[in-house]
Amino acid sequence: MSGIPRTDLLTRYPWLKRALQSRAFQPTLMMVTLAVFTLAILTGLFGTPAGSRNFGIIFVWIVWWALLIIGIVPLAGRLWCAMCPIPAPGEWLQRRGVVERVMGRPFTRGLRWPRRLKNMWLQNFGFLGVAIFSAIILTRPQVSAWVLLGFVVIGIALSLLYERRVFCKYVCPVGGFIGLYSLVAPTELRVKDPAICASHRSKDCVTGNERGYGCPWLAYPGSLTRNIDCGLCTECLKTCPMDNIGLFIRAPGSDLLKPKGRRLDEAYKAFIMLGCALLYSAVLLGPWGWLKSWANMQTPGHWALYALGFITFVLLVLPGLFWLVAQLAGRAGDQRAGARQLFVDYAYALVPLGLAAWIAFSFSFVLTNGSYALAVISDPFGWGWDLFGTASFPWQPLSPRLIAFLQAGALTAGLLFATRTAFQIAREHSEDARQAFRAALPVSMFLLVVTLAFFRLYLG
């Protein structure tokens, strides 16, 4: 993969550059997704309580999720963030406009986000909170609608109080895991020549100009090195007077091998995502009916035990085991690296495996329940409509053999990708390839054990 040449798509395809530089491009995408999002909320609040017949449940947690985790994130990283409807109302209020660049002071108090919160911890705990209640959120339309509406309200409030898109960068639970897994994507928005940015004084990409706004993600494109810090809004592409922004195809996982960007909060996001994938698989696909009933809050006491076990496994057990593994890797590699550095560095090897696990998990319910979408699109509220003549389309799951084949392929690819990443990280802490091989061995064994656990859950 490292042999893939880095190619600027905007140079190769001028029509793509013209599209992305258009001020109407992103708002148009956001208007489309906002319309679908609004329908999902309305159907959740006023439609049928049967999840399998409700547009909000089917199109958010099956159709949208499948597009996101199986297609968009692995291939295009944070592309969803460029079209996400959740921050749209708040951002348009803040800018006092939708399409055209409105000059003057934005409609916000313009407070700066607290320095101690400039990390991923709020996103980590937000996702974990949603995950604990996921069995209810994903099956009960009204609960799902109130959660989605709550995200919009929070986004508007933060836009009116703080500068730019602090909700997306520091708060949104979905944006947190998209950012983490965007490190694997083979696409990146970067400057073509950092020297041009260094010599250019006006920094229009940060301050904005008549063609566009300063970076909503509070980033400086001239020093941007990782996808996790870029929301692909393309404002810098519009404002750069030096034509120094490109959209590149590069080797997948390149951002995982940049030591300066690694942080503990991101490492914990990797554990949270991997642990949640394991627990979701056990609850929804495993043979333990009692576990599913506990997760569904059939009795408050049992749910409390489930929540406590969920949090303990994700935040303590899984990271604790990996801490020991990382220290074993350190003994075989560079003895000068500290325990925390080893723990954080090697945690990035979990990112490709975690993404593969979520893809495999998604295949199981998307291909099983995806046919509900054909009926729901004709009768989104479950009120007996038949708008497109598909309301009576029967539930037809695809072949279980196909699902098992896709899951096995995704997990195997994820294991190989993660093992290779572990070895490349080990090379950073080792004098030669043989020492790196020995250092990567404990991490690779951990990856293999986790993969076998997924195989056991999916394939029996």
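Rings of Phe, Tyr and Trp (for Trp, its six-membered ring) are taken to pair if their centres lie within 6.5 Å, and a pair counts as stacked when the planes are under 30 degrees apart, as edge-to-face when they are over 60 degrees apart, and as tilted in the rest of the cases. By this criterion, a search of the whole structure finds 31 aromatic pairs, and ring pairs link Trp61, Trp64, Trp65, Trp80, Phe127, Phe177, Tyr280, Trp358, Phe361 and Phe365 into a cluster. The structure is a predicted model, in which local features need pLDDT of at least 70 and side-chain atom pairs count only at pLDDT 80 or more, whereas totals for chains, interfaces and linings use all residues. Residues are numbered from 1 along each chain as its sequence is written, and side-chain values use heavy atoms, with hydrogens and water left out.

The secondary structure of the chain comes to 22 helices and five strands, where helices (H or I, at least four residues) and strands (E, at least two) are DSSP runs numbered from the N terminus. The radius of gyration, taken over C-alpha atoms, is 23 Å for this chain, close to the 23 Å that the globule rule (2.2 Å times the number of residues to the power 0.38) gives for 460 residues, so the chain is as compact as a globular protein of that length. Along the principal axes, the C-alpha atoms fill a box of roughly 65 × 60 × 40 Å. Of the 460 residues, 55% are buried; buried means under 20% relative accessible area, exposed means over 50%, and partly exposed lies in between, with a 1.4 Å probe and protein chains only. Among the contacts (heavy atoms within 4.5 Å) with a separation of 6 or more, 81% are between residues 24 or more positions apart.

Helix H3 spans residues 25-46 and has 22 residues, and it reaches 32 Å from its first C-alpha to its last, close to the 32 Å expected at 1.5 Å a residue, the expected span being 1.5 Å times one less than the number of residues. Its buried residues are Gln26, Pro27, Met30, Thr33, Leu34, Phe37, Ala40, Ile41, Thr43, Gly44 and Leu45. An α-helix has 3.6 residues a turn, so residues three or four places apart point the same way. The buried residues of H3 pack against helices H4 (55-76), H5 (79-83), H6 (88-95), H9 (141-161) and H14 (235-239).

Charged side chains were examined next. A salt bridge is a side-chain nitrogen of Lys or Arg within 4 Å of a carboxyl oxygen of Asp or Glu, and the search of the whole structure finds 19 of these. Arg6, Glu188, Arg190, Arg250, Asp255 and Lys258 are linked in a network of salt bridges. Lys258 and Asp255 meet at 3.2 Å, N to O; Lys258 is partly exposed at 26% relative accessible area, whereas Asp255 is buried at 2%. A further salt bridge joins the side chains of Lys192 and Asp243 (3.9 Å, N to O). Lys192 lies in the loop between strand S2 (187-191) and helix H12 (194-199), and Asp243 in the loop between H14 and strand S5 (245-249), so the pair ties together parts that are 51 residues apart in sequence. Lys192 is partly exposed at 34% relative accessibility, and Asp243 is likewise partly exposed at 39%.

A charge sits over a ring if NZ of Lys or CZ of Arg is within 6 Å of the ring centre and within 35 degrees of the ring normal. Arg6 lies over the face of Phe248, at 3.7 Å from the ring centre, and Arg95 lies over the face of Tyr213, at 4.1 Å. Phe248 also touches Thr187, a residue of strand S2 that is buried at 16% relative accessible area. Not counting residues up to four places away in sequence, the residues touched by Thr187 also include Leu75, Asn227 and Arg250.

Most residues other than glycine have a negative phi, and most peptide bonds are trans. Positive values are found at Leu218, with phi near 60°, and at Leu232, with phi near 55°. Leu218 is partly exposed at 30% relative accessible area, whereas Leu232 is buried at 16%.
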